[in-house]
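Please read it with the structure open beside you.

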Amino acid sequence: MGRKGFTLLEVLIAITLLGITFVWLLKSANQSIDMASRAKFVTTSTLLAQQRVAEVTGEKAVHSGNGEGDFGKDFPGYRYTEEIEPTPLEGYYKYTLTIRWGEKGSLETDFIAFLSSR
């Protein structure tokens, strides 16, 4: 006599394998979304840092100090803090720019440049 259909054990094994595969696919999708948002942050923050350094070096005189702000309505959620401090070389300053994005600054990157007051 031939066997027709599946046993309960075979069905349970198949459902378990499908469940494991589905969970793995969801995890992969979440990782992809996270990596894409981090890549967007790195690209955008690099361009914003270049813009901010150009603004600071375009000022008539570079001077020591701290500052903070945002990048306007075109880049919501992006905030920066900056610190300009003198170096042992006269006329040169160390410029540290930290850019944050996300809830409570969940993503953050630092940029360091050396500027001349001339």
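1. In the hairpin of S2 and S3, where five residues lie between the strands, glycine 91 takes a positive phi near 90°. Strands here are DSSP runs of E with at least two residues, helices are runs of H or I with at least four, and both are numbered from the N terminus. S2 and S3 run antiparallel and are joined by eight bridges, and isoleucine 84 has tyrosine 95 in S3 as its bridge partner. Two strands are said to pair if DSSP finds at least two bridges between them.

2. Before going further, please keep in mind that this is a predicted model, in which local features need pLDDT of at least 70 and side-chain atom pairs count only at pLDDT 80 or more, whereas totals for chains, interfaces and linings use all residues. Residues are numbered from 1 along each chain as its sequence is written, and side-chain values use heavy atoms, with hydrogens and water left out.

3. The chain contains one helix and four strands, and from the N terminus on its elements follow the order α-β-β-β-β. The radius of gyration of the chain (taken over C-alpha atoms) is 26 Å, well over the 13 Å that the globule rule gives for 118 residues, so the chain is more spread out than a compact globule. That rule is 2.2 Å times the number of residues to the power 0.38. Taken along the principal axes, the C-alpha atoms fill a box of roughly 95 × 30 × 20 Å. Serine 117, in the segment after S4, is 105 residues from leucine 12 in sequence and 73 Å from leucine 12 in space, C-alpha to C-alpha.

4. The four strands form an open sheet in the order S1-S2-S3-S4, with antiparallel pairing. The edge strands, each pairing on one side only, are S1 and strand S4 (107-116). Neighbouring strands of this sheet are turned against each other by 15° on average, direction ignored; axes are lines fitted to C-alpha atoms, for helices over the stretch in contact, and angles run from 0 to 180 degrees between N-to-C directions. S1 and S2 pair over six bridges in the antiparallel sense, with glycine 67 opposite glutamate 82 in S2. Between S3 and S4 there are 10 bridges, again antiparallel, and tryptophan 101 stands opposite leucine 107 in S4.

5. Helix H1 (residues 8-58) packs on the sheet and touches S2, S3 and S4, its direction making about 25° with that of S4. Contact means heavy atoms within 4.5 Å. Among contacts in the chain between residues at least 6 apart in sequence, 38% join residues at least 24 apart.

6. Which residues does tyrosine 78 contact, leaving aside its neighbours within four places in sequence? Tyrosine 78, found in the loop between S1 and S2, is in contact with residues including Lys40, Phe41, Thr44, Leu48, Phe71, Ile99 and Trp101. The C-alpha atoms of tyrosine 78 and threonine 44 are separated by 9.2 Å, although these residues are 34 apart along the chain.

7. Rings of Phe, Tyr and Trp (its six-membered ring) count as a pair if their centres lie within 6.5 Å, and planes under 30 degrees apart are called stacked, those over 60 edge-to-face and the rest tilted. By this rule the count comes to five aromatic pairs. Phenylalanine 71 and tyrosine 80 form a tilted pair, 5.1 Å centre to centre with 50° between the planes, and both residues are buried. Tyrosine 78 and tryptophan 101 form a stacked pair, 5.6 Å centre to centre with 25° between the planes. Tyrosine 78 lies in the loop between strand S1 (65-70) and strand S2 (79-86) and tryptophan 101 in strand S3 (residues 92-101), so this pair ties together parts that are 23 residues apart in sequence. Ring pairs also link Phe41, Phe75, Tyr78 and Trp101 into a cluster.

8. On exposure, buried means under 20% relative accessible area, exposed over 50% and partly exposed in between (1.4 Å probe, protein chains only). Tyrosine 78 is buried, with a relative accessible area of 4%, whereas tryptophan 101, at 23%, counts as partly exposed. Serine 117 is partly exposed at 30%. Of the 118 residues of the chain, 21% count as buried.
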